Amino acid sequence: DIVDRGSDVFLQLILRRLLDSGCVARQDAQMRRLWGDQLSALLAALERSMPRGVRWTHPRGGGAVWVTMPEGCSSETLLMRALERGISFIPGRAFAVSDRHDRSFRLAIGTLKPAQIIEAVNALGETMKEYLRDEQRNHIRRVGIAKVS
């Protein structure tokens with residue numbers, strides 16, 4: 001047996017009753033269904049909305065997807081544009097001490113309903129398409145200038 005002399009006995013009794021009643025198990029099952037629906041909505045919306053060349057993870061659990069844009073893109077630049085549309089995510093640089101994840105970001109389901117997730121990902125997809133078009137134009141201009149020089 002394990003002896004715990006530091007925890008509050010009353011709180012232990014309450015926790016024991018919660019566990020025995022099945023309340024915690026029911027809540028766990030409900031949350032797993034909810035998060036599963038949210039994650040499914042996120043993955044389906046990414047499939048429909050993201051431009052070619054953008055990749056993302058397909059997690060078996062949790063509530064976040066790791067999105068990676070094509071070479072030369074910056075998730076921080078995309079974030080500035082996305083914030084103008086009320087969309088937020090965490091740039092990949094927050095997860096590394098180098099620029100290794102500069103073109104990646106973490107997109108989480110948060111507390112959004114599936115319909116809200118779909119709407120947000122659609123808007124993010126449009127924002128990303130605009131950003132990639134602008135980056136492509138800028139690249140063509142830079143290459144053209146380099147050839148002229």
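## A tour of the salt bridges and beyond

Start your tour by selecting R85, which counts as partly exposed because its relative accessibility is 40%, between the cut-offs of 20% and 50%. Before you go further, please keep in mind that this is a predicted model.

**Stop 1: R85 and E130**

What do the side chains of E130 and R85 form? They meet in a salt bridge, with N and O 2.9 Å apart. R85 sits in the loop between α3 and β3 (90–91) while E130 belongs to helix α4, so the pair ties together parts of the chain 45 residues apart in sequence. E130 is partly exposed too, at 30% relative accessibility.

**Stop 2: R81 and D134**

Next, select R81 and D134. Here is another salt bridge, whose closest N and O atoms are 2.9 Å apart. How accessible is R81? With a relative accessibility of 26%, R81 counts as partly exposed. D134, at 25%, is partly exposed as well.

**Stop 3: R32 and D28**

Move to helix α2 (residues 23–49) and pick out R32 and D28. These two form a salt bridge, and their closest N and O atoms are 3.0 Å apart. Why can they be found about one helical turn from each other? They are 4 residues apart in that helix, which means a separation of about one turn. R32 is exposed, at 58% relative accessibility, whereas D28 is partly exposed, at 39%.

**Stop 4: a linked group**

Now select E76, R93 and D102 together. Salt bridges link these three residues in a network. How many salt bridges does the structure hold? The count is 9.

**Stop 5**

Is S104 buried or exposed? S104 counts as buried because its relative accessibility is 4%, under the 20% cut-off. To see what surrounds S104, show its contacts beyond four places away in sequence: W66, V67, T68, S75, P91 and G92.

**Stop 6: zoom out**

Finally, bring the whole protein chain into view. There are 4 helices and 4 strands, and reading along the sequence gives the pattern α-α-β-β-α-β-β-α. The radius of gyration is 22 Å, well over the 15 Å that the globule rule gives for 149 residues, so the chain is more spread out than a compact globule. If you turn the model along its principal axes, the C-alpha trace spans about 80 × 35 × 25 Å.

Colour by accessibility and you can look for the 28% of the 149 residues that count as buried. The chain exposes about 10,500 Å², and carbon and sulfur atoms supply 55% of that area. Among contacts with a separation of 6 or more, 62% are between residues 24 or more positions apart.

How far apart are the mean positions of the positive and negative charges? There are 23 positive and 17 negative charges, and their mean positions are 5 Å apart.

Note on methods: Residues are numbered from 1 along each chain as its sequence is written. This is a predicted model: local features need pLDDT of at least 70, side-chain atom pairs count only at pLDDT 80 or more; totals for chains, interfaces and linings use all residues. Side-chain values use heavy atoms; hydrogens and water are left out. A salt bridge is a side-chain nitrogen of Lys or Arg within 4 Å of a carboxyl oxygen of Asp or Glu. Helices (H or I, at least four residues) and strands (E, at least two) are DSSP runs, numbered from the N terminus. Buried means under 20% relative accessible area, exposed over 50%, partly exposed in between (1.4 Å probe, protein chains only). The radius of gyration is taken over C-alpha atoms; the globule rule is 2.2 Å times the number of residues to the power 0.38. Contact means heavy atoms within 4.5 Å. Accessible areas come from the Shrake-Rupley method with a 1.4 Å probe; for residues, only the protein chains shown count as cover. Lys and Arg count as positive and Asp and Glu as negative; His and the chain ends are not counted. The place of a charge is taken as NZ of Lys, CZ of Arg, CG of Asp or CD of Glu.
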